[in-house]
Amino acid sequence: MIHDRLRRARVLKGLSLDDLAQAVGDITKQALSKFERGDALPNSTRLLQFSKALGVRPEYFFRAEAVNLAPLEFRKLARMPKYRQRQVEEQMRDHLERYLALERCFDAVDVRIEPTTPQTLPVSSIDEAEAAADRLRSDWGIGRDAIANLTQLLEERGIKIALIDGQDDFDGACAATDDVRHVLIALNTSRPGERVRFTAAHELGHWVMALPDDMPEPEKERCCHRFAGAFLYPGEQVVLDFGSHRRSRVHPGELLNAKRRYGVSMQAALRRLKDLGLLNDAGYKSALIQFAQAGWRSAEPEPLLPEQPRRFESLVFWGLAEGLFSPSRAAELLQRPLGALAPALA
C-alpha cells in the first residue's frame, strides 16, 4: 500500500513529481516515480522525508483503510483544472477514510448514523425543487423556522461534513462511497459563512433530489440553487417578511435583516424575492446594480463565520477518553500535532 499512499499524499498536497523531488531535495523525479509505481520500496529515512515534505504523519503510509468513491459532481467544474479536481477528490477521500476508521473503533457502541437516503425526491423542474425543499423540511420535522446550525443538522442526519482550505475555484462537492452507505459534503472554509451554508444546502439538494438524467447540467444547478434557497429561507417566511404583493423595490436593510434571521446572504434573499414573484424584474435589476456599486457582490455587510462541524472531533475525544486508541492515533485522525490535542483552557 505504501506506493499508492505516496502517490495519494502527493495529490493531496497538490504537488507534481518535480515539486516533490525539489521539496525532498536529494531524490530525482524518476526515483520518485519508481516508488509510486511500487517498483522500489522506500526505507524508513525516505518515509520520514516524504512525511515532512507532504505534511502527513508517518502513520499515513501504513493506513490500511481504502475508500472507493462514486463519481463526484463539482460546482464550477469548468473553472477547476484536472489536477485540482484530483486534489479535492483526494482530500474528501482522505477525510472519509479517517472518519470510517474512527467509527470502527467503537466496537461496543454503534456510533454510525445512517445517512438520509439519496434521490428520494423526484424533481423535474425548478418549481418542483422549491416543493422538494418544503417536503424535506416537513420530513425532518423542522417546520418553517430558521436553521440555526445547518452543519449540525446535516451531521445529525448522517451526512458527514468536511471543511477544506480551498482555492477560489471551489465552493463545495458531495461525495459518497460506492456502496452509498456513507456521504460527505466538503465545503470551502475560506468563504463567508452565509455562502458556506448555501453551498451545503445546494449539495444537499444534489443528494436528495432525483433529477432527470437528460436534464442539462446548468438546469440541474439551477434546481439545486432553488432548493438551497427554499430550504434555508422557506417561501412562507419570505412572504411574512416582505409582504405578499408584488413590489418594485426593496431596501437593503430588509435584506440584511433576512440575512441575520435566516443565515442566507443578502443576494440569496434578493433572489428568493425574484423566484417567488415578490419583486419585479426592474426592481431586481436595480438592486443588483446597487449591490455592485456598494461592492456587496463580493463582500456583503456583516459576513457570518463558517459553521464548524463537531461530530468527528467529539468522536475522537470520546475514543481517547475510553482508551480506544492512543494519543498518537488521535493526532493522526485529527491531522494535528500531538501537542495540540488538549484544548487550551484559559
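The largest cavity in this predicted model is lined by Tyr99, Ile113, Glu155, Gly158, Ile159, Lys160 and Arg311. Its volume is about 40 Å³. By class, the lining comprises 3 nonpolar, 1 polar and 3 charged residues. The structure holds 1 cavity of 30 Å³ or more.

Two helix pairs were also examined. Packed helices are described by the angle between their axes and by the distance between those axes.

Helix α6 spans residues 126-140, and helix α9 spans residues 217-232. Their axes lie 8 Å apart and form an angle of about 40 degrees. Helix α6 is therefore oblique to α9. The crossing of the two is right-handed. On the α6 side, the contact is made by Ile126, Asp127, Ala129, Glu130, Ala132, Ala133, Leu136, Arg137 and Trp140. Helix α9 contributes Glu219, Arg222, Cys223, Arg226, Phe227, Ala230, Phe231 and Leu232. This contact has 11 nonpolar and 6 charged residues, with no polar ones.

The second pair consists of helix α12 (residues 266-275) and helix α13 (residues 281-294). The two axes come within 10 Å and cross at roughly 170 degrees. An angle over 145 degrees counts as roughly antiparallel, so α12 is roughly antiparallel to α13. From α12, the contact involves Met266, Gln267, Leu270, Arg271 and Lys274. From α13, the contact involves Asp281, Tyr284, Ala287, Leu288 and Phe291. By class, the contact of α12 with α13 has 6 nonpolar, 1 polar and 3 charged residues.

Definitions and conventions
Residues are numbered from 1 along each chain as its sequence is written. This is a predicted model: local features need pLDDT of at least 70, side-chain atom pairs count only at pLDDT 80 or more; totals for chains, interfaces and linings use all residues. Side-chain values use heavy atoms; hydrogens and water are left out. Axes are lines fitted to C-alpha atoms, for helices over the stretch in contact, and angles run from 0 to 180 degrees between N-to-C directions. Helices (H or I, at least four residues) and strands (E, at least two) are DSSP runs, numbered from the N terminus. Angles under 35 degrees count as roughly parallel, over 145 as roughly antiparallel, 65 to 115 as roughly perpendicular and the rest as oblique. Contact means heavy atoms within 4.5 Å. Ala, Val, Leu, Ile, Met, Phe, Trp, Tyr, Cys and Pro count as nonpolar, Asp, Glu, Lys and Arg as charged, and the others, Gly among them, as polar. On a 1 Å grid over the protein atoms alone, a cavity is a set of points where a 1.4 Å probe fits but cannot get out, and a pocket is an open set with protein on both sides within 12 Å along at least five of seven lines; lining residues have an atom within 4 Å of a point. Grid points are joined across faces, edges and corners, and a volume is the space filled by probe spheres set on the points. A crossing is left-handed if the near helix is turned anticlockwise from the far one by less than a right angle, and right-handed if clockwise.
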